[in-house]
Amino acid sequence: HFWSLSVEEQFYLFWPILFILIPSGRRPAGALMAIAIFIAFASFDILAFNLLIDNGRSFAAISAGVLTGLSLRFRRFAERAFLPSFAIILCTVAFLRFPLPAHLNLVYFSSVTVFLVGAVIHSYRLRPFIPMPLFESMAFLGTISYSVYIWQQIFIPGGGGYPRPSILAYPALIIPFALASYYLIERPFARMSRARFSARRH
């Protein structure tokens, strides 16, 4: 869990530097290039660790989120390519044996990236069919999702790799701790950051 968090933090240190150095009009191209590089790394296991954690795939996924936020053209492409990418994933899982050769890994990882972005975009079309209380609950869970992600591993019962069961292995505790983390840490720091940024602009 802390390994995956450290991978994210490496990206969050790396990307702002590029964001400053790359002109605004070229940032989508920079994010797209980062996705291509990280998918290539994932295809050849260049950033894989112990055959269990693939940092290249993690970086590619975060880069895809950046590109989705920066580029309307990419969002439209992902929306159109949703079904074709899903078909590629299904055919890969159904007819091929993992681990895949590097060139097929490249196609597979690219398809998964496009499919996930397209799935998020298409999910908004379901809004009219979702009851408002359920929709608001899902939206709020999305708001506190990072706090849930940070705390969830502590309260989920461990697998066979742990030397002994955790005394905190009660999943019901995830939400209270996530709420406390969001309201006492995440949101105050976000407000502080926005206030400082606004002060610098003025």
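**Exercise 1.** In this predicted model, describe where phenylalanine 74 and phenylalanine 77 lie and how their rings are arranged.

*Solution.* A search of the whole structure finds 10 aromatic pairs, and one of them is formed by phenylalanine 74 and phenylalanine 77, with 6.4 Å from centre to centre and 35° between the planes. Because planes under 30 degrees apart count as stacked and those over 60 as edge-to-face, with the rest counted as tilted, this pair is tilted.

**Exercise 2.** Work out how helix α3 and helix α4 are oriented to each other, and which residues meet.

*Solution.* Take the axes to start with: those of α3 (residues 55–70) and α4 (residues 72–80) come within 5 Å and cross at roughly 110°. Angles of 65 to 115 degrees count as roughly perpendicular, and α3 and α4 are therefore roughly perpendicular to each other. Then turn to the residues: Ala64, Leu67, Thr68, Gly69 and Leu70 of α3 are in contact with Leu72, Phe74 and Arg75 of α4. Sorted by class, this contact has five nonpolar residues, two polar residues and one charged residue.

**Exercise 3.** Characterise the largest pocket by its volume, its lining and the helices that supply this lining.

*Solution.* The largest pocket holds about 310 Å³ of space. Its lining is made up of 16 residues, and those nearest the centre are Ala61, Ala64, Thr113, Leu116 and Val117. At least two lining residues come from each of α2 (27–43), α3 and α6 (102–123), while α6 gives the largest share, with eight residues. By class, the lining has 12 nonpolar residues, three polar residues and one charged residue.

Notes. Residues numbered from 1 in each chain as written. Predicted model: local features only at pLDDT ≥ 70, side-chain atom pairs only at ≥ 80, totals over all residues. Heavy atoms only, no water. Axes fitted to C-alpha atoms, helices over the stretch in contact; angles between N-to-C directions. Helix = DSSP H or I, 4+ residues; strand = E, 2+ residues; numbered from the N terminus. Parallel < 35°, antiparallel > 145°, perpendicular 65-115°, else oblique. Contact = heavy atoms within 4.5 Å. Nonpolar A, V, L, I, M, F, W, Y, C, P; charged D, E, K, R; others polar. 1 Å grid on protein atoms, 1.4 Å probe; cavity = no way out; pocket = protein on both sides within 12 Å on 5 of 7 lines; lining within 4 Å. Points joined across faces, edges and corners; volume = space filled by probe spheres on them. Phe/Tyr/Trp six-rings, centres within 6.5 Å; stacked < 30°, edge-to-face > 60°.
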